[in-house]
Amino acid sequence: MALLNKFRNNISVLKRIQFLPRWIIFSIDITIVIFSAIIAYFILKGVGVTFQSIVSLPVALAIFVFVHIVYFWIFRTFTGIVRHTTLNDAAKLCFVEALCFITLYFLNLLVTFFYTERLFLNTRLLISTALAFGFLLLFRLLIKITFDFFTEYSNDSNNYTNTVIYGNDERAIAIANAIIAEVPRKYKLKGFINPTAINSHNRILNVPIIGKSRKISILVRALGANSLIIADQSLTKDEKIEIIEDCLQYNIKVFNLPTITNINDQKKVASNIRKIRIEDLLERKPIKINNTEISDQIKDKVVLVSGAAGSIGSEIVWQVAAFNPKKLILLDQAETPLHQISLELGKCNTTAEVICIIADVRNYDSLQKVFNDFCPDIVYHAAAYKHVPLMELNPQQAIFTNVIGSKNMADLALKYKAKRFVMVSTDKAVNPSNVMGASKRIAEKYVQSLAQKLKKENNNTTKYITTRFGNVLGSNGSVVPLFTKQIENGGPITITHPDIIRYFMTIPEACQLVLEAGSMGNGGEIYIFDMGKPVKIIDLATKMIKLAGLEPHKDIEIKVVGLRPGEKLYEELLNDGSTTLPTHHEKIMIAQDVNEDFDFISSEIDELRNLAQNYMILDTVATMKKIVPEFKSLNSIFEKLD
């Protein structure tokens with residue numbers, strides 16, 4: 001064992017040699033050419049073949065070597081990294097040796113034309129070039145095999161992730177070549193799984209290809225691996241989720257590769273192999289939007305996004321920027337995140353003029369200055385307070401930002417004749433059980449009633465649209481970043497109740513649907529999105545632990561801490577008694593809610609403002625319950641007001 005460790009230590013030093021200098025490769029190649037010519041000479045001499053050249057043997061050898069030097073230099077045969085020799089390199093060497101033979105053969109003919117004797121014996125010339133090709137290729141293969149051997153038995157080999165590739169087409173082979181060639185190496189390829197065959201006894205890259213005869217988790221373990229790279233792009237979402245969940249049950253890590261990766265670039269392939277993320281397990285088909293219709297409305301327009309530094313607002317900004325508006329106005333009160341997104345936008349290829357404004361949606365005067373200066377054509381209102389427990393403790397702030405802020409934005413959009421006003425709402429506004437949800441529902445009611453008032457007056461100046469969706473994976477304060485941090489810290493993961501469920505979307509999906517709904521609305525609609533199947537939070541936590549390569553309740557504890565103030569066990573997308581109407585987009589529906597009288601909502605909001613400004617907390621929440629009769633507090637001090 002000591003000798004083996006000493007051997008490993010010695011060869012690990014050689015492994016760290018990344019590549020030989022080109023002049024060394026070139027010198028070795030020329031030495032091989034000389035050696036091949038000498039061998040050919042003695043082979044023919046040994047069988048009794050003699051030949052008298054017009055020049056001496058050293059001169060003939062010099063000519064033979066000079067021609068090789070010329071072609072080696074022209075085709076740069078010595079510039080490749082020897083340990084990565086491929087079939088293309090072998091073909092190039094064969095082509096170069098063929099050119100050398102043809103050149104020397106015709107040189108022989110030319111000399112024969114002027115003199116009766118020749119420079120070379122053609123048979124010796126053929127044998128010399130054939131031997132040169134064989135030895136040149138053998139040298140490269142030996143280096144490649146030696147390097148692989150060193151890599152296999154170095155100390156670092158214990159750190160490899162043994163992996164199997166699901167798929168056996170060109171994409172799978174390209175991924176395999178990339179992980180084999182990667183330096184430093186992270187994966188050790190143990191085999192391929194052929195998804196189109198039951199039985200398979202073939203081998204490729206010196207590893208077996210096995211058929212999909214049993215569960216993937218069983219096949220991966222049978223090959224001695226503890227991870228799987230999914231390379232098959234023909235898999236449906238359901239098939240992919242089935243494979244991932246099967247592997248996660250046995251703590252098999254699952255990796256994926258983005259479809260946009262350039263398979264011909266080995267470095268890019270290897271670096272883009274990533275772990276399956278929780279977003280990949282959303283049981284919903286990919287969302288497609290009508291880019292043409294959205295582009296027609298946004299291109300060369302002035303677009304204002306409030307809450308532009310937030311997780312939803314910033315994604316809306318990025319997606320709007322891709323449609324090249326004339327001006328893109330980013331409005332937020334968070335200075336640092338707003339500055340950061342402005343720097344990032346400066347690196348993208350949008351033609352829009354990006355304008356960042358520090359302002360608070362609660363301040364009507366500062367907002368009016370923005371609207372007066374830029375007269376936006378489209379307004380996306382994403383600014384809001386969203387944390388349920390915090391708003392239970394600070395109801396007046398929910399009124400100032402979520403209600404008054406939305407009213408300010410909506411009123412100014414009308415005053416300055418914006419064509420569209422799109423408000424981002426939440427499923428917590430449906431049958432609200434907390435102050436945050438109720439404040440968003442009041443904002444919805446105001447925007448919707450304003451739209452209905454304008455329709456009655458035949459005023460088509462501004463179209464008001466509300467979009468309502470559930471939790472967004474990865475957004476600021478959502479459970480996914482929280483769970484990720486808790487896992488990184490070694491746990492425990494804290495959940496509020498074992499039966500709690502939520503709808504989830506990714507940030508890009510949610511914002512795509514916001515843009516799509518905003519483009520199709522005629523005014524007054526509340527659009528709800530198909531959120532797929534609801535997810536149990538405890539299942540989400542379990543999957544995230546497994547995706548991190550750990551075991552729930554063993555490596556990471558899951559701790560139930562109890563429902564927070566205002567928190568429901570489940571969220572809804574429709575109020576009791578509400579119905580939906582379909583749209584041309586299968587993922588977007590229109591909620592048919594009862595429309596409120598604009599004057600009533602306006603007066604109640606004015607009262608809310610006065611109560612909140614005077615910090616009359618109980619009276620403020622009581623008035624919210626008056627405006628939203630379905631608002632029933634849960635696990636909150638405000639239950640006594642119901």
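1. Ala90 and Leu137 are 47 residues apart in sequence, yet their C-alpha atoms are 6.5 Å apart in space.

2. A quick caveat: this is a predicted model, where local features need pLDDT of at least 70 and side-chain atom pairs count only at pLDDT 80 or more, while totals for chains, interfaces and linings use all residues. Residues are numbered from 1 along each chain as its sequence is written, and side-chain values use heavy atoms, leaving out hydrogens and water.

3. Ala90 sits in helix 4 (residues 87-114); helices here are DSSP runs of H or I, at least four residues, numbered from the N terminus. Ala90 is buried, at a relative accessible area of 11% (buried is under 20%, with a 1.4 Å probe and protein chains only).

4. Arg124, in helix 5 (residues 122-153), also counts as buried, at 13% relative accessibility. Its C-alpha lies 6.0 Å from that of Ala40, 84 residues away along the chain.

5. Now the helix pair. The axes of helix 15 (residues 395-415) and helix 16 (residues 435-456) come within 9 Å and cross at roughly 20°; axes are lines fitted to C-alpha atoms over the stretch in contact, with angles from 0 to 180 degrees between N-to-C directions. The two helices are therefore roughly parallel (angles under 35 degrees). Residues making the contact include Pro395 and Leu414 of helix 15, and Val435 and Leu454 of helix 16.

Methods: Buried means under 20% relative accessible area, exposed over 50%, partly exposed in between (1.4 Å probe, protein chains only). Angles under 35 degrees count as roughly parallel, over 145 as roughly antiparallel, 65 to 115 as roughly perpendicular and the rest as oblique. Contact means heavy atoms within 4.5 Å.
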